[in-house]
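Subject: Structure handover

Hi,

Here is the structure I promised to pass on. My notes on the backbone and one of the helices follow below.

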Amino acid sequence: MKAPERQTPGVYKRRIGDAMVTVINDGFLDIPFEILRGTELDDMKELMQATFRSHPPRLTVNAFVIETGKNTVLVDVGGGSTTVYSMGLLLDNLESAGFAPNDFDTVLLTHIHPDHSSGLLGPSGEVLFPHAEIVVNEDELNFWSDPALRDGRSAAATPYLDSADMVIEAYREQFRPSREGSVLPHISLLALPGHTPGHSGYEIESAGETLVMWGDTVHVPEIQIPRPQVTSEYDVDEGLAHSNRRRIFEYAAKEGHLVTGGHLHLPAFAHIIPDGQGFRLVPEPWAVVV
Ligand SMILES: [Zn+2]
């Protein structure tokens, strides 16, 4: 028998009160250390070495299904076929978990970067989620829709203009621009601007349990959790990205809420606790019983 080259399907279920959350892995993304700033390169390399992690950092890319009993929701959609080969597992992994694109009534986007939104489209740019309302922070939709962005005003945004255009054009009639607060029963939008102007997390609350989905608050957990000041070239406003990262870390730590994110490693559920000048992630172990 030929040795397998690919992992078994990247899916994992976790109950939040009466809701079911399923992590759907879309693949991974390697990024150079050089795009990260806020601490010395040696410090970053030491942090990766100390946790036996890869050089350069390998980011996990996740989407999430939320079933509340009333709604079947997808949070982010991965990179689809328009990005690098290491992403685009969403549809296969959704199928492994028993879901098809037509099952979703809502897609919640954390922001309109390609590793979170390009999976809305098939290889020929076709709409893959025709029955879903697409919830996104109004500031995010306004930012990427602004023709003035074409003048190169935001170096962080320029590489992603074309992928954003494709998504916005194809789904124009399906968007529901939203603000901080409730977007669906049991689900609220948390405005976390900085990485992009409308970058958002989502909070799920059911039967006394809370899950904070913090989107791209963290790209490299091994570095940005102990050093929340580390920002990236992808951040449209690095100062704001830093302050909102600290704010959501402090909130989740103080409340003891469970957290997850688009770039946390599977099974991708954890708690966060203060540790020195920064924080420490305490990942939940794989649970056999859902
Ligand atoms: Zn991302």
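Start with the loop between β5 (72-75) and α2 (90-96), where Asp76 sits. Keep in mind that this is a predicted model.

Asp76 is not a glycine, yet its phi is positive, about 65°. Asp76 counts as buried because it has 29 C-beta neighbours inside 10 Å, and the cut-off for buried is 20 or more.

Ala207 also has a positive phi without being a glycine, at about 45°. Its loop runs between β11 (200-206) and β12 (209-213). Ala207 has 10 C-beta neighbours inside 10 Å, so it counts as exposed. The cut-off there is 12 or fewer.

Next, the cis peptide bonds. One joins His55 and Pro56, with omega about -10°. Pro56 is in the loop between α1 (41-50) and β4 (58-67). Another joins Leu266 and Pro267, with omega about 5°. Pro267 falls in the loop between β14 (258-260) and β15 (270-275).

Why list these? Most residues other than glycine have a negative phi, and most peptide bonds are trans.

Last, helix α7. An α-helix has 3.6 residues a turn, so residues three or four places apart point the same way. Gly256 follows the helix, with a positive phi near 70°.

Best wishes

Terms used:
Residues are numbered from 1 along each chain as its sequence is written. This is a predicted model: local features need pLDDT of at least 70, side-chain atom pairs count only at pLDDT 80 or more; totals for chains, interfaces and linings use all residues. Helices (H or I, at least four residues) and strands (E, at least two) are DSSP runs, numbered from the N terminus.
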